[in-house]
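These are my notebook entries on one protein chain. I set down what I looked up, entry by entry.

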Amino acid sequence: MSGSTVARRYAKALFELASEQGLVSETEEQLKAIAETFRGNAEFRSFLTFPNIDAAKKIEAVQAIFGNSVSPVVLNTVKLLIERGRQGELPAVLEAYIKVAGEALGRAEAHVVSAKPLTDSEKEQLVATFGSLLGKTVRLNETVDPSLLGGLTVRIGDTLYDGSLRGKLERLEKTLQTSAN
């Protein structure tokens with residue numbers, strides 16, 4: 001079974017439990033905190049993924065670190081991942097949870113890459129434009145990449161909206177090459 005399928009199953013189960021308790025967004029934030037610690041702390045990640053360390057010790061460490069700051073639903077999900085040797089799937093479970101929650105709540109994640117930081121009014125305009133286009137509430141995740149030269153790209157799900165100067169130049173170059181041949 002592929003990792004993304006596994007992550008989606010855990011995410012769906014976690015969403016159902018969080019939904020029953022009315023803790024959908026809190027669960028997302030708590031899972032995000034654990035996943036970011038997993039991604040950002042090499043020692044923590046190595047500890048959790050090292051095969052010679054007993055699962056009980058890993059669970060004990062996770063409980064000591066996050067036990068008071070996350071709900072039992074999130075903690076039990078992480079414990080289950082560890083018990084089944086799937087702790088490496090934690091970031092994928094978070095991504096899948098965000099998608100599952102977004103689908104159920106009519107929300108979309110927009111990953112915006114711009115050449116320079118966006119102003120608040122530009123962010124509001126993007127949210128309004130893509131919100132009306134998709135018929136969903138849009139949340140922006142912004143990244144600055146000066147190599148775009150100008151403009152921006154927006155990725156929502158599997159769709160990329162490329163309004164960057166770099167993208168326009170690349171499309172123009174392809175058009176010119178095609179017409180020259």
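I count two residues as in contact when heavy atoms lie within 4.5 Å. The model is predicted, so I kept to the rule that local features need pLDDT of at least 70 and side-chain atom pairs pLDDT 80 or more, while totals for chains, interfaces and linings use all residues. Residues are numbered from 1 along each chain as its sequence is written, and side-chain values use heavy atoms, with hydrogens and water left out.

Entry 1, Gln 87. I found Gln 87 in the loop between helix 5 (72–83) and helix 6; helices (H or I, at least four residues) and strands (E, at least two) are DSSP runs, numbered from the N terminus. Leaving aside residues up to four places away in sequence, Gln 87 touches Phe 38, Leu 48, Thr 49, Lys 58, Leu 81 and Ile 82. The Gln 87 side chain also reaches the backbone oxygen of Leu 48 at 2.4 Å. Gln 87 counts as buried because its relative accessibility is 8%; buried means under 20% relative accessible area, exposed over 50%, and partly exposed in between (1.4 Å probe, protein chains only).

I located Phe 44 in helix 3 (residues 42–49). Phe 44 is buried too, because its relative accessibility is 9%. With residues up to four places away in sequence not counted, Phe 44 touches Thr 37, Phe 38, Val 62, Ile 65 and Phe 66. I also looked up the C-alpha separation of Phe 44 and Glu 173, which are 129 residues apart along the chain, and it is 46 Å.

I recorded 8 helices and 4 strands, in the order α-α-α-α-α-α-β-α-β-β-β-α along the sequence. The radius of gyration is 20 Å, well over the 16 Å that the globule rule gives for 181 residues, so the protein is more spread out than a compact globule. That radius is taken over C-alpha atoms, and the globule rule is 2.2 Å times the number of residues to the power 0.38. The C-alpha atoms fill a box of roughly 65 × 35 × 30 Å along the principal axes. Buried residues make up 34% of the 181 residues. Of the contacts between residues at least 6 apart in sequence, 66% join residues at least 24 apart.

Definitions and conventions:
Polar contact = N/O pair within 3.5 Å; in protein donor to acceptor, adjacent residues only side chain to side chain.
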